[in-house]
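Please keep the sequence and the structure in view while reading.

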Amino acid sequence: MITTKNTITVMLIFVSASVFASNIGGFTGSTARLAADPLAAGTGGITLFQNSSTNSYASNPASQAFLTSKRFDASLVDMSLGRYLYTTSASVPLPPTAQLSVGLFAAGTKDITARDSRGIDAGKLSDGEITYSVSFSNQFSDKLAIGISLKLLTRSLKSEDEWFDLSGSGFGAGVGALYTINDRSTVAMAIRDWNSSYKWKTQDLFDQGSSYKDEFPMSLAWGWMQELNQFTLAIEHDHYFAGEEIFRTALLWHGIEGITLHTGFSYEDAIIIPGVSARFEKALIKGLPMHIDIGLINGIVGEGIRTYMGWGMTF
């Protein structure tokens, strides 16, 4: 059993997770609310459209419905304080009108220094989250697509010498819709993190352990994307039922063939968080387009800049 002396180390893990947090304090799943890929970093975190985030399939499953090619993407983020974040995803069309996407999102913190109630070094801790996602979407007309996403959520809190090992897991779901008004205008809507949570059991670790659930805050998001010749304007509003509003806006420039530049920001809790990104597309093999994505986004106060790198291909 974990002694009272060591309970402070458990508290340190949960405090460390708050470094990731958006401004929805007190709720778990803060890593899932970060911009997870280079494109999202440069669009202020807009994830309702496939050309604003390579992980849009998990946020708005309908975003992939009109794609006709197979796709693969991977990305990672350079973050301070021993934190890591990476994603992988793949999408395949299911003729005649459907699309299937799967992916993985991993984030956490390594080498957290634990200290007991006397302030003495108690070793190293690690905190990790892995989300496995699958989404299915279908075109119901030339203009309307609807999709559903399912997530398996896992989180682990461990010490290097294995005196502490706690794992939680759960499931979540989401639905989304995409409607093409015309060749230049698209609107999207999604319900995110319905019933998402981590379920914990601490009876084996603490004398007075219990079973409890950490719930993710569910949200309703809507967005609009407008083509303006060489530019594309995108906006997104995320309403959290816990009482938080997040606004995002971005401008995409595609005036040079094979290059797309993005700049945008999110506005949350009276703070503006800006970001930029770029995509370079090149077919290294005839008929096999590839792309490299890079992104920068400002972190929280005192954190500095987060640097994103991504790679993918269409085939």
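## The largest cavity

Three elements each supply at least two residues of the lining of the largest cavity: helix α3 (56–59) and the strands β1 (71–78) and β2 (83–94). The model is a predicted one. The space in this cavity comes to about 80 Å³. A search of the whole structure finds two cavities of 30 Å³ or more.

The lining of the largest cavity consists of Gln 50, Ser 53, Thr 54, Ser 56, Tyr 57, Gln 64, Arg 71, Phe 72, Asp 73, Ser 89, Ala 90 and Ser 91. Sorted by class, these lining residues are seven polar, three nonpolar and two charged.

## Ser 53 in the lining

Ser 53, one of the residues that line the largest cavity, sits in the loop between α2 (38–42) and α3. Is Ser 53 buried or exposed? Its relative accessibility is 1%, and because buried means under 20%, Ser 53 counts as buried.

Leaving aside residues up to four places away in sequence, Ser 53 touches Asp 37, Leu 39, Ala 40, Ile 46 and Thr 47.

## The second largest cavity

The second largest cavity has a volume of about 40 Å³. Its lining is made up of Ala 58, Ser 59, Ser 149, Lys 151, Ala 173, Gly 174, Ile 191, Arg 192 and Asp 193. Helix α3 and the strands β5 (144–159), β6 (165–180) and β7 (185–194) each give two or more residues to this lining.

Which element gives the most to the lining of the second largest cavity? Strand β7 does, with three residues. By class, the lining of this cavity holds three nonpolar, three polar and three charged residues.

Side chains of opposite charge can pair when their charged atoms come close. The whole structure contains eight salt bridges. One of them joins Lys 151 and Asp 193, whose closest N and O atoms are 3.8 Å apart. Lys 151 belongs to strand β5 and Asp 193 to strand β7, so this pair ties together parts that are 42 residues apart in sequence. Lys 151 and Asp 193 are both buried, and both belong to the lining of the second largest cavity.

Arg 192, also in that lining, forms a salt bridge with Glu 236, with 3.3 Å between the closest N and O atoms. Arg 192 lies in strand β7 and Glu 236 in strand β11 (residues 231–240), so the pair ties together parts that are 44 residues apart in sequence. Both Arg 192 and Glu 236 are buried. Arg 192 also meets Asp 238 in a salt bridge, at 2.7 Å from N to O. This pair links distant parts of the chain, as Asp 238 is in strand β11 and Arg 192 in strand β7, 46 residues apart. Asp 238 is buried, as is Arg 192. Which residues make up the network of salt bridges that includes Arg 192? The network links Arg 192, Glu 236, Asp 238 and Arg 248.

The largest pocket has a volume of about 890 Å³. It is lined by 49 residues, and the closest to its centre are Thr 31, Ala 32, Arg 33, Leu 34 and Ala 35. The lining of the largest pocket divides into 21 nonpolar, 17 polar and 11 charged residues.

The second largest pocket holds about 340 Å³ of space. Of its 15 lining residues, Gln 50, Asn 51, Arg 71, Arg 279 and Glu 281 are the closest to its centre. Gln 50 and Arg 71 are also among the residues that line the largest cavity. The strands β12 (244–256), β13 (259–268), β14 (271–285) and β15 (288–298) each supply at least two residues of the lining of this second pocket. Its lining residues divide into nine polar, three nonpolar and three charged.

## Confidence in the model

Across the protein, pLDDT averages 86, and 88% of the residues score at least 70. Over residues 1–22 the pLDDT is below 50. Beyond near neighbours in sequence, this stretch has 54 contacts in the model.

Technical notes: Residues are numbered from 1 along each chain as its sequence is written. Side-chain values use heavy atoms; hydrogens and water are left out. On a 1 Å grid over the protein atoms alone, a cavity is a set of points where a 1.4 Å probe fits but cannot get out, and a pocket is an open set with protein on both sides within 12 Å along at least five of seven lines; lining residues have an atom within 4 Å of a point. Grid points are joined across faces, edges and corners, and a volume is the space filled by probe spheres set on the points. Helices (H or I, at least four residues) and strands (E, at least two) are DSSP runs, numbered from the N terminus. Ala, Val, Leu, Ile, Met, Phe, Trp, Tyr, Cys and Pro count as nonpolar, Asp, Glu, Lys and Arg as charged, and the others, Gly among them, as polar. pLDDT is the predictor's confidence in each residue, from 0 to 100. Contact means heavy atoms within 4.5 Å. Buried means under 20% relative accessible area, exposed over 50%, partly exposed in between (1.4 Å probe, protein chains only). A salt bridge is a side-chain nitrogen of Lys or Arg within 4 Å of a carboxyl oxygen of Asp or Glu.
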